[in-house]
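Keep the viewer open while you read.

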Amino acid sequence: MEFLGQFGCAIVMGIAALGSAIGIMISGQAAIGSWKRCYMANKPAPFILTVFAGAPLTQTIYGFLLMQTMMGSVAAPGFKLGVGLMSGIAMCASAIAQGKAGASGSDALGETGKGFSQYIMVVGLCETVALFAMVFSMVALG
């Protein structure tokens, strides 16, 4: 039975990291495309686009932190499995949403050179989902 709890600990990290990889793929492709368009138009390529490209990486950190908490928790193994699975999925979805928002931000900022603070605010809203999933899961684990 303890295997379920250990599996829950591992799965939260893996699923969160999967979301980070997908989100970075999405936002990274858009950043590279924006830089290309800037170079083709002989405009300066904004280095700040790396912020959008790398933003989904934080969900991997949240998955790791929650995994560490779960490993030290005395909660029931089935509960740990459920927390790991659902929290991992929430972090994964957050990272993918963040990647898509970052892709749009890269496209808009590369084209106009304006609006970084508004774009990063939307990326931050996507981030909040993963933060809430992590913190509320930590609280539930006691």
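## Starting at Gln-59

In which helix is the place of Gln-59? Gln-59 sits in helix H3, which covers residues 58-72; helices here (H or I, at least four residues) and strands (E, at least two) are DSSP runs, numbered from the N terminus. Before going further, note that this is a predicted model, where local features need pLDDT of at least 70, side-chain atom pairs count only at pLDDT 80 or more, and totals for chains, interfaces and linings use all residues. Residues are numbered from 1 along each chain as its sequence is written, and side-chain values use heavy atoms, with hydrogens and water left out.

Gln-59 has a relative accessible area of 0%, so it is buried (under 20% is buried, over 50% exposed, and in between partly exposed, with a 1.4 Å probe and protein chains only). Setting aside residues up to four places away in sequence, Gln-59 touches Ala-16, Ser-20, Met-91, Ser-94, Ala-95, Gln-98, Glu-127 and Ala-130; contact means heavy atoms within 4.5 Å. Phe-116 is another matter: 57 residues along the chain from Gln-59, its C-alpha is 22 Å from that of Gln-59.

## Gln-98, a contact of Gln-59

Gln-98 belongs to helix H4, residues 77-112, and its relative accessibility of 1% makes it count as buried. Besides Gln-59, its contacts beyond four places in sequence are Ala-55, Pro-56, Thr-58, Val-123, Cys-126 and Glu-127.

Gly-23 is 75 residues from Gln-98 in sequence, yet their C-alpha atoms are 6.4 Å apart in space.

## Aromatic pairs

How many aromatic pairs does the count come to? Three, if rings of Phe, Tyr and Trp (its six-membered ring) pair when their centres lie within 6.5 Å, with planes under 30 degrees apart called stacked, over 60 edge-to-face and the rest tilted. One of them is Phe-52 with Phe-116, a tilted pair at 5.5 Å centre to centre with 55° between the planes. Phe-52 is in helix H2 (residues 49-54) and Phe-116 in helix H5, so this pair ties together parts that are 64 residues apart in sequence. Phe-52 is buried, at 0% relative accessible area, while Phe-116 is partly exposed at 27%.

Phe-132 and Phe-136 make a stacked pair, 5.3 Å centre to centre and 20° between the planes. These two are four residues apart in helix H5, so about one helical turn separates them. Phe-132 counts as partly exposed at 47% relative accessibility, and Phe-136 is exposed at 55%.

## Ser-137 in H5

Ser-137 is also in helix H5, which runs over residues 116-141. Is Ser-137 buried or exposed? Its relative accessibility is 9%, so it counts as buried. Leaving out neighbours within four places in sequence, Ser-137 is in contact with Leu-66, Val-83, Ser-87 and Phe-132.

## Asn-42 in a loop

Most residues other than glycine have a negative phi. Asn-42 is not glycine, but its phi is near 55°, a positive value. Asn-42 lies in the loop between helix H1 (2-40) and H2, and at 71% relative accessibility it counts as exposed.

## The whole chain

Zooming out, the protein chain has five helices and zero strands, which reads along the sequence as α-α-α-α-α. Its C-alpha atoms fill a box of roughly 60 × 20 × 15 Å along the principal axes. Of the contacts between residues at least 6 apart in sequence, 84% join residues at least 24 apart.

Buried residues make up 41% of the 142 residues. The accessible surface comes to about 7300 Å², with 76% of that belonging to carbon and sulfur atoms; areas come from the Shrake-Rupley method with a 1.4 Å probe, and for residues only the protein chains shown count as cover. As for charge, there are 6 positive and 4 negative side chains, and the centres of the two sets lie 9 Å apart. Here Lys and Arg count as positive and Asp and Glu as negative, with His and the chain ends not counted, and each charge is placed at NZ of Lys, CZ of Arg, CG of Asp or CD of Glu.
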